[in-house]
Amino acid sequence: MSVVIDQPVPSDIRLPATGNQTLALEDFAGKRVVLYFYPKDATPGCTNEGRDFAAQQADFAAANAVILGVSRDSVNSHEKFRTKEGLPFDLLSDAEEALCNAFDVIKMKNMYGKQVRGIERSTFLIDEHGVLRHEWRKVKVPGHVAEVLAAVRAL
């Protein structure tokens with residue numbers, strides 16, 4: 001089962017998150033949610049993407065949107081990454097791949113000539129009512145955050 005544009009997303013999947021929290025999408029009812037999945041903490045592309053979202057945090061907040069990052073890394077890894085990069089939003093740990101599977105972001109990828117299962121960089125925009133309004137798959141980091149912000153403002 002995968003999410004579909006203009007349909008409600010699974011909102012009750014609870015995951016451990018930074019700040020000693022357990023979060024689910026239903027916790028953000030009434031807010032727009034930018035849910036971005038990334039492969040791994042502290043890698044170049046993921047660091048740049050996190051920094052880009054962090055740099056636009058105030059603009060997203062002004063548009064009634066929260067940003068949530070998701071990877072399979074541990075909360076401990078997330079805390080270190082978040083602190084080192086000064087990320088002003090929460091990161092969720094999906095070691096069991098529950099949210100990853102719901103959003104169908106686990107793919108076979110080539111890493112140094114080997115096939116590995118991993119998260120395909122993807123972003124989802126969910127409206128105030130928990131309905132998926134936009135998705136970006138196979139994301140390329142440069143310019144991505146500006147595109148997401150434009151979509152949030154257009155909602």
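This is a predicted model: local features need pLDDT of at least 70, side-chain atom pairs count only at pLDDT 80 or more; totals for chains, interfaces and linings use all residues.
## Ground rules

Buried means under 20% relative accessible area, exposed means over 50%, and partly exposed is whatever falls in between, with a 1.4 Å probe and protein chains only.

Residues are numbered from 1 along each chain as its sequence is written, and side-chain values use heavy atoms, with hydrogens and water left out.

L132 sits in strand β9, residues 132-136. Strands here are DSSP runs of E with at least two residues, helices are runs of H or I with at least four, and both are numbered from the N terminus.

What does L132 contact once its neighbours within four places in sequence are set aside? Taking contact as heavy atoms within 4.5 Å, the list is V3, V4, I5, D6, Q7, V9, F124, L125 and I126. E96, by contrast, is 36 residues from L132 in sequence and 22 Å from it in space, C-alpha to C-alpha.

## Two nonpolar cores

A nonpolar core is a set of buried Ala, Val, Leu, Ile, Met, Phe, Trp, Tyr and Cys residues joined through side-chain atoms within 4.5 Å. The largest one here has 24 residues, and those with the most contacts inside it are L25, V33, L35, F37, F103, F124 and I126. At least two core residues come from each of β1 (15-17), β3 (32-37), β4 (65-71), α4 (98-102) and β8 (122-126). Apart from this core lies another, of 21 residues, including F53, A65, L125 and V139.

V33 gives a residue-level view. Leaving aside neighbours within four places in sequence, V33 is in contact with L25, F28, V66, L68, F124, L125 and I126. As background, nonpolar side chains tend to be buried together in soluble globular proteins.

## Aromatic rings

Now for the rings. Rings of Phe, Tyr and Trp (its six-membered ring) pair if their centres lie within 6.5 Å; planes under 30 degrees apart are stacked, over 60 edge-to-face, and the rest tilted. A search of the whole structure turns up eight aromatic pairs. One of them is F53 with F60, a tilted pair at 5.9 Å centre to centre and 50 degrees between the planes.

Both partners are tucked away: F53 is buried at a relative accessible area of 0%, and F60 is buried at 0% as well. F53 and F60 also belong to one aromatic cluster along with Y36, Y38, F81 and F89.

## Where α1 meets α5

How do the axes of α1 and α5 cross? The axes of helix α1 (residues 44-55) and helix α5 (residues 144-154) come within 9 Å and cross at roughly 40 degrees. Axes are lines fitted to C-alpha atoms, for helices over the stretch in contact, with angles running from 0 to 180 degrees between N-to-C directions. Angles under 35 degrees count as roughly parallel, over 145 as roughly antiparallel, 65 to 115 as roughly perpendicular, and the rest as oblique. So α1 and α5 are oblique to each other.

The crossing is right-handed; the near helix is turned clockwise from the far one in that case, whereas a left-handed crossing has it turned anticlockwise by less than a right angle. On the α1 side, E49, D52 and F53 meet H144, V145 and V148 of α5. N48 also has its place in α1 and is partly exposed at 38% relative accessibility. N48 and E85 are 37 residues apart in sequence and 9.6 Å apart in space, C-alpha to C-alpha.

Most residues other than glycine have a negative phi. Which way do D6 and N64 go? D6 has a positive phi of about 70 degrees although it is not a glycine, and N64, also not a glycine, has a positive phi of about 60 degrees.D6 lies in the segment before β1 and is partly exposed, with a relative accessible area of 45%. N64 belongs to the loop between α2 (57-62) and β4, where N64 counts as partly exposed at 27% relative accessibility.

## A buried aspartate

D94 is found in the loop between β5 (90-93) and α4. Is D94 buried or exposed? At 0% relative accessibility, D94 counts as buried. Not counting residues up to four places away in sequence, D94 touches L15, V70, S71, R72, D73, L99 and C100.
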